[in-house]
Amino acid sequence: MKKLLGLVCLTLLLTGCDKNEVGDISLGLFTTKDIKLNTLIDPVVSGVTCHVASIEANLSLADPSDSSIACRQTGEITAQMIAKIDKSKSGEVVFTKSKSVLFKNMKVRRIFDPETQTLMYVSYSTKETSGSFKHSLSTVPLWGTQAYQQQAPKGE
């Protein structure tokens, strides 16, 4: 029992040691929940930075599934970067964060919309909560970047 309690305490301490965390907002004196703000730089498209806000319950084994995401161009985006990304309809996971000891994760997935030449970033929970999966979307258009491909007008 002591080992289990020690493991739970260690897990709680390590969750507070997130190197990507840039903000921590208390939700009040009478709650153990905080809003954590994390910065994520896309590992392939390094000119994109996302900020994710999510709730963490400090004395709980499972965090709420709610999160929000905002992504912006913060550097160069090149055609070589876009050539390296997964262009399937399901895209690829670029970030994962554990939200529970029972297999609930928050993930950020990048999907490319070739028609509008836009990168879409979806933050979502992998476990159903209150009858729905929580998610949030942010987009980064390639317009004005080196990666933007001029397309012929429709009908030509």
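Two strands count as paired if DSSP finds at least two bridges between them. Keep that in mind for these exercises on a predicted model.

**Exercise 1.** Work out which residue in β3 stands opposite Ile-41.

*Solution.* Start with the strands: β2 covers residues 33–41 and β3 covers residues 48–57. Nine bridges join these two, and they run antiparallel. Now look across from Ile-41, and you will find Thr-49 in β3.

**Exercise 2.** Decide whether Ser-123 is buried or exposed, then describe its surroundings.

*Solution.* First place the residue: Ser-123 sits in strand β7. Its relative accessibility is 0%, so Ser-123 counts as buried, the cut-off being under 20%. Then check its side chain, which makes a polar contact of 2.7 Å with the side chain of Ser-67. Finally, setting aside neighbours within four places in sequence, the contacts of Ser-123 include Val-52, Ile-69, Met-106, Val-108 and His-135.

**Exercise 3.** Find the residues that touch the most other members of the largest nonpolar core.

*Solution.* This core has 20 residues, and the ones to pick out are Val-45, Val-48, Ile-77, Ile-82, Leu-119 and Tyr-121. As for which elements contribute, at least two residues each come from β3, β4, α2 (79–84), β6 (105–113) and β7 (118–125).

Notes
Residues are numbered from 1 along each chain as its sequence is written. This is a predicted model: local features need pLDDT of at least 70, side-chain atom pairs count only at pLDDT 80 or more; totals for chains, interfaces and linings use all residues. Side-chain values use heavy atoms; hydrogens and water are left out. Helices (H or I, at least four residues) and strands (E, at least two) are DSSP runs, numbered from the N terminus. A nonpolar core is a set of buried Ala, Val, Leu, Ile, Met, Phe, Trp, Tyr and Cys residues joined through side-chain atoms within 4.5 Å. Buried means under 20% relative accessible area, exposed over 50%, partly exposed in between (1.4 Å probe, protein chains only). A polar contact is a pair of N or O atoms within 3.5 Å; within protein, one must be able to donate a hydrogen and the other to accept it, and residues adjacent in sequence count only if both atoms are side-chain atoms. Contact means heavy atoms within 4.5 Å.
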